[in-house]
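Q: Let's walk through this one. Keep it brisk, and give me the cut-offs as we go.

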Amino acid sequence: MSPPSIPTTSRVVVLQNHIGKAIDFSDSSSGTFTVKEVPIVSPLPDDSLLVQTLYTSNDPVQRLWTSPVGSPMAAFTLSRVVKVGGEVKEGESVKVGDLVDAQTQWADYTVVKKDKVKVVEELPGLSPSIYLGVLGFSGLTAYFGLESVLKPKKTDTLVVSGAAGAVGNVVVQYAKKVLGVKRVVGIAGSEKKCEWLKSIGADAAVNYKSATFTEDLAKATPDKVDGFFDNVGGAILDEVIMRMNVQGHICACGAISTYTDHEKGMVLKNYMTLIVNRLTITGITVFGYMVQFEEGQRALADTVISGKLVVDGAETLVDVQGKLEELPRIWAGLFESANTGKSITKLAA
């Protein structure tokens, strides 16, 4: 059998215009994105790999760290190694055919540095996309936010906003099923998502779009709130602050309510309540725990294998069957609550 042919070009999604409040999906010059075909560097540098994108992680924060106009859209991906630069050495850690987790681009193929990828092993019975969800940055953010920031006690009431999202659903499940927190309450944007949260472990779930949200939140937290894992910010943060017990803790993980209009900023209306009740707000980014990633991944993998963490239904995976131009549209669905759990796009098999 002859070896597979090595591509000499790659299609890439490029940021054509700055991302505003609304995303323009047209093919015109006013479109937010455009697809270009670019040459792949040859020969491949000794310190590099050529990888084919299999799955892309759709993350709200991409809206904030988008590349300069004219540059490829960056993304966290799960890819397969197509070619290894330089002479292949015996015992080399990365080889052709390996699955690797890396920050690459919205592209069919990308050249990446060998020391910037992590080889992952496929787990029996599970989609490899799990490395972009529960065993990826989303799951790790949930893990470290609970274990290192909030550190909830078993007697606590914990509230999670964006609870049906990539990070939030792991927070709900890990807090309830692993840490044994007394009461875990999820906040989501539909009754369907609230029912799903209760099915995976939440003691109660509240729809923030309901006209009775304030009353519903109060009913769901009869002992008020000791810890709040916040992925949303804005009005929901204001409401939960009013339910916090004295010396309560807030883990500030995200502010998706502001991502479509970040120039406006976020106003905290109940700031005085934060002061009077001596509340603590601690921000978290998963990159602050890089030296502990292996520890976190092992702990999360154990919970998945033991069945404590539900992964079925915790991914919204869209197979675009190689249609690279569809990636922006799937990603944009995050801001319309189109996903339950982690949003992932499958580009190739």
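A: Element names come from DSSP runs: helices are H or I of at least four residues, strands are E of at least two, and both are numbered from the N terminus. This is a predicted model: local features need pLDDT of at least 70, side-chain atom pairs count only at pLDDT 80 or more, and totals for chains, interfaces and linings use all residues. Residues are numbered from 1 along each chain as its sequence is written, and side-chain values use heavy atoms, with hydrogens and water left out.

Q: How many helices and strands in the chain?

A: Eight helices and 15 strands.

Q: What percentage of the residues count as buried?

A: 50% of the 349. Buried means under 20% relative accessible area, exposed over 50%, partly exposed in between (1.4 Å probe, protein chains only).

Q: And the contacts, what share join residues at least 24 apart?

A: 69%, among contacts between residues at least 6 apart in sequence. Contact here means heavy atoms within 4.5 Å.

Q: On to the core. Which residues touch the most other members of the largest one?

A: Val134, Leu146, Leu158, Val171, Leu197 and Leu300, out of 52 residues. A nonpolar core is a set of buried Ala, Val, Leu, Ile, Met, Phe, Trp, Tyr and Cys residues joined through side-chain atoms within 4.5 Å.

Q: Which elements supply at least two residues of this core?

A: β3 (48-57), α1 (137-150), β8 (157-160), α2 (168-178), β9 (183-188), α3 (191-199) and α7 (293-306). α1 gives the most, with seven residues.

Q: What does valine 171 touch?

A: Ala142, Leu146, Leu158, Val160 and Phe229, leaving aside residues up to four places away in sequence.

Q: What about another core?

A: Another core of 19 residues lies apart from the largest one, and its members include Val185, Leu237, Ile241 and Ile250.

Q: α5 next. How many of its residues are buried?

A: Six of the eight in α5 (234-241). They are Gly234, Ile236, Leu237, Asp238, Val240 and Ile241. Their cover includes β8, β9, α4, β11, β12 (244-252) and α6.

Q: How many salt bridges?

A: The count is 11. The rule is a side-chain nitrogen of Lys or Arg within 4 Å of a carboxyl oxygen of Asp or Glu.

Q: Which lysine pairs with aspartate 223?

A: Lysine 182, at 3.7 Å from N to O. Aspartate 223 sits in the loop between α4 (213-220) and β11 (225-230), and lysine 182 in the loop between α2 and β9, so the pair ties together parts 41 residues apart in sequence. Aspartate 223 is partly exposed, at 46% relative accessibility.

Q: And aspartate 98, buried or exposed?

A: Buried, with a relative accessible area of 9%. Aspartate 98 meets lysine 95 in a salt bridge of 3.2 Å, N to O.

Q: How far apart are the closest N and O atoms of glutamate 294 and arginine 298?

A: 3.8 Å, in a salt bridge. The two are four residues apart in helix α7, about one helical turn.

Q: Which residues form a network of salt bridges?

A: Arg11, Asp108 and Glu325 are linked that way.

Q: Backbone now. Which peptide bond is cis?

A: The one from serine 42 to proline 43, with omega near 0 degrees. Proline 43 is in the loop between β2 (33-39) and β3.

Q: What is phi at glutamine 247?

A: Positive, about 65 degrees, although glutamine 247 is not a glycine. Glutamine 247 lies in strand β12 and is exposed at 51% relative accessibility.

Q: And phi of arginine 278?

A: Near 55 degrees, also positive in a residue other than glycine. Arginine 278 is in the loop between α6 and β13 (280-283).
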